[in-house]
Amino acid sequence: METEDMEITVSPVHGRFVAEITGVDLSEPLDDHRFTSIHDTFLEYSILVFRGQTLSNEQHIAFSRRFGELEIHPAKHWLLPDSPEILVLSNRGENGTRPIVNGGAYWHSDMTYMAKPPLGSLLYAIKVPPEGGDTLYTDMYKAYETLDEQLKRRIAGLEVIHRYGDRYQKMSSEDKDRPPLTPEQLAEVPDVVHPAVRTHPETGRKALFVNEGFTIGVVGMPKDESAALLEKLFRHSVQPAHIYRHRWQAGDLVMWDNRCTMHRATEYDLRHDRAMHRTTIQGDRPV
Ligand code: SIN
């Protein structure tokens with residue numbers, strides 16, 4: 001069912017998980033009323049799709065900032081020199097940034113290795129390949145809600161460790177263009193501990209908060225047991241019925257809530273260009 005609010009139209013795309021918003025030009029300043037409609041829809045759906053946008057870096061940043069302060073990614077070689085709020089995910093690089101071919105090609109929520117992981121991310125497509133290079137999204141509220149009661153009890157109160165360095169290292173071994181992280185960059189991202197289940201600070205709903213990308217173990221649990229439990233939770237989280245596949249068109253901006261979703265990029269033919277700009281909104285400590 002479509003709902004209209006002033007000029008904004010909200011069309012569900014994938015149940016109560018993804019909505020497309022039309023009737024808004026994000027390159028223009030948004031009045032508070034329309035911003036509130038978008039914000040409320042974001043909390044209701046977790047993922048918003050805006051198609052047909054034409055955004056400068058400044059406009060992308062300005063819209064993102066309506067939701068909060070922006071995060072600066074620790075891997076500085078992917079940040080636009082003049083706009084470090086923008087992380088460039090491009091297989092060719094741009095304006096001196098390093099090319100990246102496997103950025104985000106594993107299930108994760110962005111930067112959960114931070115003490116305060118980001119609230120959300122806004123990915124803007126500039127160049128897309130004719131096929132592939134899609135982004136998959138999964139619903140982590142649903143992942144939690146569909147766990148059996150025994151497993152819910154088992155993970156209640158568990159804390160898990162998140163780490164950036166291991167994932168970065170693994171992806172570097174598959175991508176010759178990735179420079180090693182400097183000791184200073186690594187020092188910015190020490191291991192952190194978060195609850196395995198978090199309560200969304202704005203909706204009050206519980207979401208599973210472990211991800212294959214950065215969650216490396218359960219605090220106080222023997223290694224084998226911890227690995228088996230995490231694997232079970234990872235597999236449960238990515239059931240096909242819970243997944244939305246976004247097939248990009250240039251000019252799409254997709255915004256997702258990192259507190260209750262995971263995502264991963266899919267492969268494509270590297271002879272084609274893929275260039276995306278991401279901004280990332282600061283979040284708070286998961287509880
Ligand atoms: C990301 O993981 O933030 C980027 C995903 C993508 O490039 O599709």
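# Notebook: a walk through the fold

I began with burial: 55% of the protein's 287 residues count as buried. A reminder to myself is that this is a predicted model.

**Entry 1: the whole chain**

I looked up the overall dimensions next. The C-alpha atoms fill a box of roughly 50 × 45 × 35 Å along the principal axes.

For secondary structure I noted seven helices and 17 strands. I also checked how far along the chain the contacts reach. Among contacts with a separation of 6 or more, 79% are between residues 24 or more positions apart.

**Entry 2: surface and charge**

The protein exposes about 12900 Å², and carbon and sulfur atoms supply 49% of that area. I then looked up the charged side chains and found 33 positive and 43 negative. The centres of these two sets lie 6 Å apart.

**Entry 3: strand E7 and its two partners**

I picked E7, which spans residues 120–127. Is this strand mostly covered or mostly open? It is mostly covered, with six of its eight residues buried.

Which strands pair with E7? One is E15 (residues 253–257), which pairs with E7 in the antiparallel sense over five bridges. Another is E17 (residues 275–281), which is also antiparallel to E7 and is joined to it by seven bridges.

In E15 it stands opposite Met 255, and in E17 it stands opposite Thr 279.

**Entry 4: strands E8 and E16**

E16 covers residues 261–265, and four of its five residues are buried. I looked for a partner and found E8 (residues 135–139), which runs antiparallel to E16 and is joined to it by five bridges.

Most residues other than glycine have a negative phi.

Ser 46 has a positive phi of about 80 degrees, although it is not a glycine. Where does Ser 46 sit? Its place is the loop between helix H1 (32–45) and strand E4 (47–50). Its relative accessible area is 2%, so Ser 46 is buried.

Met 111 is also not a glycine and has a positive phi of about 55 degrees. I found Met 111 in the loop between strand E6 (83–90) and strand E7 (120–127). At 2% relative accessibility, Met 111 counts as buried.

**Entry 5: Ala 115**

I stayed in the loop between E6 and E7, where Ala 115 is found. Its relative accessible area is 32%, so Ala 115 is partly exposed. Which residues does Ala 115 touch, not counting those up to four places away in sequence? They are Val 192, His 194, Arg 285 and Pro 286. Pro 286 is 171 residues away from Ala 115 along the chain, yet their C-alpha atoms are separated by 8.4 Å.

**Entry 6: Leu 158**

Leu 158 lies in the loop between helix H4 (149–155) and strand E9 (159–162). Buried means under 20% relative accessible area. Leu 158 has 17%, so it is buried.

I listed its contacts, leaving aside neighbours within four places in sequence: His 194, Pro 195, Ala 196, Val 218, Met 221 and Leu 229. I also took a distance to Gly 220, which is 62 residues from Leu 158 in sequence and 9.1 Å away in space, C-alpha to C-alpha.

**Entry 7: Glu 225**

My last stop was helix H7 (residues 223–237), where Glu 225 lies. At 37% relative accessibility, Glu 225 counts as partly exposed. How far is Glu 225 from Leu 181? They are 44 residues apart in sequence and 30 Å apart in space, C-alpha to C-alpha.

Key. Residues numbered from 1 in each chain as written. Predicted model: local features only at pLDDT ≥ 70, side-chain atom pairs only at ≥ 80, totals over all residues. Heavy atoms only, no water. Helix = DSSP H or I, 4+ residues; strand = E, 2+ residues; numbered from the N terminus. Buried < 20%, exposed > 50% of the residue type's maximum accessible area, 1.4 Å probe, protein only. Contact = heavy atoms within 4.5 Å. Areas by Shrake-Rupley, 256 points an atom, 1.4 Å probe, with all protein chains shown as cover. Lys, Arg positive; Asp, Glu negative; His and termini not counted. Charge placed at Lys NZ, Arg CZ, Asp CG, Glu CD. Pairing = 2+ DSSP bridges.
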